[in-house]
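Here is a friendly walk through a model, in questions and answers. Take a look at it before reading on.

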Amino acid sequence: MSRDWAETTLVETADAIRGGTVSASEVLEACLDRYRQVQPTLSCFIELDESEARRRAADADRAIREGRAFGALFGVPMAHKDMFHRLGRVSRCGSRVYGNPPDAPTATVMRRLDAAGAIEIGRLHTVEFALGPHGINPNYPVCRNAWNPDHIPGGSSSGAGVAVGARLVHAALGSDTGGSVRGPAAVNGVVGLMPTHGRVSRFGAVALSHSLDTIGPIARSVLDVARLLDVISGCDPLDPATIRQANTSFEAALLAADAPLPRIAVARGYFDAGLAPDVERALEEAAQSLRRGGFEVSDVQLPADLLSEIADLQPLVVKAEAAANHFALMQAHQHEYGIEVAQRIEAGFFIPSTDYVAALKARGNYLRSFARAAFDTADVLLTPTLPVVAPTIGETSGKRGAAYNEMVASLTRNTKVVNYLGLPALSLPCGFSTGGLPIGMQLIARPFREADMLRAGFVFQRDTDWHAIAPPRHRPAG
Amino acid sequence: MSREADLILALNDAGPRLDISETRAEELAIEMRQHRAAAEAARRMSAFNTEPADFRRALEDLARLRP
């Protein structure tokens with residue numbers, strides 16, 4: 001029986017194309033076939049460049065025949081959150097009012113993926129201006145969870161999580177300001193990586209909050225995101241927030257036979273509050289699996305008060321910076337913003353500059369205090385990515401009030417604190433709810449120590465198969 | 001209307017001039033109180049001379065610490 005190349009991982013696919021086992025065109029057709037099956041139900045793409053993708057796949061196959069293939073992603077179809085500029089094209093970031101000038105230079109991460117040989121086949125659904133955790137955008141058809149279309153896709157990188165989870169593409173880039181890569185990855189049963197702040201250039205990505213925005217990949221395995229991180233990371237003079245780091249390969253480090261296992265601590269005291277029973281059970285089972293895999297797994301009691309303060313500072317920074325970015329656009333087009341996103345930004349116009357600067361001044365000391373508590377006896381923290389299982393779309397659309405606000409806040413409770421601290425974090429599947437929805441666990445490492453959490457995730461996926469289980473193929477009703 | 005909501009409407013008139021109803025101004029006043037409390041906590045975490053770039057130094061210092 002022939003292999004379904006839409007089901008394989010990014011690394012398997014890229015290596016098979018390079019090795020001549022399958023052509024880039026065959027892989028693309030497998031993805032397009034899956035697109036035709038599930039896009040009408042899931043609405044994770046906002047645009048598919050089918051003819052251009054076919055042309056580029058044919059070019060890639062010709063290059064391989066002629067021995068000109070190069071790059072770690074050569075011939076692999078990808079699609080990305082609609083927020084990355086590409087010369088000659090307009091990206092709208094899910095909005096009715098924004099569009100980059102067509103002569104805006106191509107985003108650095110897009111240039112790096114191009115250089116690695118990836119084929120961009122389209123653009124993916126996003127919450128308007130990448131600001132919202134449930135994944136609903138009134139400007140587009142409703143994007144739906146890859147596992148159950150009645151449930152939210154997660155946001156804001158909604159299309160990226162769904163398209164990778166439902167096997168339409170092998171990987172996608174998203175952005176993470178409060179959990180927007182890790183949340184969609186968790187609820188769609190795939191792997192999402194948020195690198196250390198400063199590891200990956202944001203140049204050419206639509207900004208939400210300069211202090212917190214981080215670009216990261218979503219894929220089906222830890223090895224996949226390690227390869228993608230190798231491709232997209234590195235200092236960029238066009239993004240002054242990037243920090244120069246040693247040029248090491250994360251993928252090679254994972255595959256090295258003698259790599260030491262990091263010490264893991266289950267985070268207690270903030271990240272384990274208010275857990276749904278299914279999430280609590282999945283996390284405990286994940287900890288057991290890691291112990292069986294040879295890791296030293298302990299518990300660490302974290303200062304819940306400190307983390308609660310951090311959780312309250314993250315939205316202050318996001319709103320202040322978003323309001324500064326949106327000042328002119330919102331003055332001119334306030335009523336063309338979706339009401340929920342407009343109201344999230346609105347508050348930022350009235351935050352005193354003294355409060356905003358206080359939130360930024362304190363960031364270094366919050367990070368030092370957290371690191372002392374978290375990483376004294378461990379290299380990697382283990383937490384649930386979300387404390388809850390993905391709610392239904394009906395529970396999240398058009399709702400207001402305290403209960404709704406609490407539910408939305410719970411979607412980012414365990415992720416947004418990591419953005420404020422600037423630390424790297426990885427979400428990967430660790431089980432299913434009794435209702436059949438994926439559950440994600442989050443690994444958090446020291447700054448620029450992505451290799452530690454990738455190693456833990458890689459071994460976990462060697463010993464479990466949660467990441468290899470594909471969702472049902474949802475077809476349109478009728 | 002609360003004094004904070006009045007202040008928000010006055011700041012709005014002086015600055016962004018968004019369409020904000022009195023009801024919405026009251027909601028924003030609650031949000032502002034939450035942000036003010038967060039900022040008060042943050043003020044206790046930094047010194048007079050601390051600058052925001054201290055965060056970048058903290059990231060790099062912690063990256064250099066070997067486990």
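Q: What counts as a helix or a strand in this predicted model?
A: A helix is a DSSP run of H or I with at least four residues, and a strand is a run of E with at least two. By that rule, chain A has 16 helices and 11 strands.

Q: Why does the radius of gyration of chain A agree with that of a compact globule?
A: For 478 residues, a compact globule would have a value near 23 Å. Chain A has 21 Å, so the two agree. The C-alpha atoms of this chain fill a box of roughly 60 × 60 × 50 Å along the principal axes.

Q: What share of the residues of chain A count as buried?
A: Buried means under 20% relative accessible area, and 65% of the 478 residues in chain A count as such. The chain exposes about 16100 Å², with carbon and sulfur atoms supplying 53% of that area.

Q: Which residues meet where helix 13 of chain A contacts helix 3 of chain B?
A: From helix 13 of chain A come A:R363, A:G364, A:N365, A:L367, A:R368 and A:A371. They meet B:D54, B:F55, B:R57, B:A58, B:L59 and B:L62 in helix 3 of chain B. By class, this contact has six nonpolar, two polar and four charged residues.

Notes. Residues numbered from 1 in each chain as written. Chains lettered and ligands numbered in written order. Predicted model: local features only at pLDDT ≥ 70, side-chain atom pairs only at ≥ 80, totals over all residues. Heavy atoms only, no water. Contact = heavy atoms within 4.5 Å. Nonpolar A, V, L, I, M, F, W, Y, C, P; charged D, E, K, R; others polar. Rg over C-alpha atoms; globule rule 2.2 N^0.38 Å. Buried < 20%, exposed > 50% of the residue type's maximum accessible area, 1.4 Å probe, protein only. Areas by Shrake-Rupley, 256 points an atom, 1.4 Å probe, with all protein chains shown as cover.
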